[in-house]
Amino acid sequence: MNDHTNLVSLSGKEKIAPHNAEAERQVLGAILMNNAVFFSVSGFLKPEHFYVPVHQNIFEKSAALIRDGKTASPITLKTFFASDETIAGMTPTLFLLRLAGDGANAINVEDYGQAIHDLAIRREMIDVCQSVIESSYAASIDQPASKIVEDLSERLFDLQVRSSSQKTETTDLSALATRLGDAISARRNGEEAPVPTTGLVDVDADMTGFRPGRLVVLAGRPGSGKTQTMVAFARK
């Protein structure tokens, strides 16, 4: 099966971009067999994370159908393809049926989804590094190297944040309801309701947490760590 292989050039040598077409087929096939599987990966997996273009298309169309309360299956998806179109030498219907067959016995679909996401981040990291290499060669002599380094740092940090947060945390609704009830009871009794904190003792002592209606401004010089600090606050 043609996986639409892309090549990247590193140190003058062409290499295939990291990907796992089999994992992509397993995830898509499992979704087509059981639409409920979609929600185990939809929190972190997006169409652009798939390497094979037709896989991107199928995941996007499946997601749209499922979120609209409809069924995503080989029968419903085939309508998005032209009747005379071929995919890997097969008709769309046959391709989709085989895809569903690939996922019929799939287990650990979430793990496959995370692998797909991780490989997408690696491909993007390669693109970032190649872009910096090209800009380093093409930069004018009066452009400071620190600007290129700063750009690389920001883009890599963005990748790091998205990589570390690929799994969407779920909240127990009963626990959430309990916390909400406690907050309401505390307000009715004139008590201080719990507020989100930064996790930094000295900062919390000064600002007493994030309170409704309050605007908190985090200021600092460029490169002083404002973004990293806010990410740390958000994770807390």
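Ala88 sits in the loop that joins helix H3 (74–77) to helix H4 (92–102). Helices here are DSSP runs of H or I with at least four residues, strands are runs of E with at least two, and both are numbered from the N terminus. The phi angle of Ala88 is near 55°, a positive value in a residue other than glycine. Most residues other than glycine have a negative phi. At 38% relative accessibility, Ala88 counts as partly exposed. The classes are buried (under 20% relative accessible area), exposed (over 50%) and partly exposed (in between), with a 1.4 Å probe and protein chains only. Asn108 also has a phi near 55°, again positive in a residue other than glycine. Asn108 belongs to the loop between H4 and H5.

The structure is a predicted model, in which local features need pLDDT of at least 70, side-chain atom pairs count only at pLDDT 80 or more, and totals for chains, interfaces and linings use all residues. Residues are numbered from 1 along each chain as its sequence is written, and side-chain values use heavy atoms, with hydrogens and water left out. The pLDDT is the predictor's confidence in each residue, from 0 to 100. Its mean over the protein chain is 80, and 70% of the residues reach 70 or more. Confidence is lowest in strand E1 (residues 7–10), with a mean of 52. It is highest in H2, at 96. Over residues 167–171 the pLDDT is below 50. Beyond near neighbours in sequence, this stretch has seven contacts in the model. A contact means heavy atoms within 4.5 Å.

The protein chain holds nine helices and two strands. From the N terminus on, their order is β-β-α-α-α-α-α-α-α-α-α. Of the 236 residues, 31% count as buried. Among contacts between residues at least 6 apart in sequence, 61% join residues at least 24 apart.

Helix H5 covers residues 109–138, which is 30 residues. From its first C-alpha to its last, H5 reaches 44 Å, close to the 44 Å expected at 1.5 Å a residue. The expected span is 1.5 Å times one less than the number of residues. Several residues of H5 are buried, including Val109, Gly113, Ile116, His117, Ala120 and Arg123. An α-helix has 3.6 residues a turn, so residues three or four places apart point the same way.

His49 is buried, at 12% relative accessibility. Not counting residues up to four places away in sequence, His49 touches Glu24, Phe44, Ile116, His117, Ala120 and Arg123.

Aromatic rings were paired next. Rings of Phe, Tyr and Trp (its six-membered ring) pair if their centres lie within 6.5 Å; planes under 30 degrees apart count as stacked, over 60 as edge-to-face and the rest as tilted. By this rule there are three aromatic pairs. The rings of Phe38 and Phe39 have centres 5.3 Å apart and planes at 75°, so this pair is edge-to-face. Phe38 is buried, with a relative accessible area of 1%, whereas Phe39 is exposed, at 55%. In the pair of Phe50 and Phe59, the ring centres are 4.9 Å apart and the planes lie at 35°, so this pair is tilted. Phe50 is buried at 1% relative accessibility, and Phe59 is buried at 2%. Ring pairs link Phe38, Phe39, Phe50 and Phe59 into a cluster.
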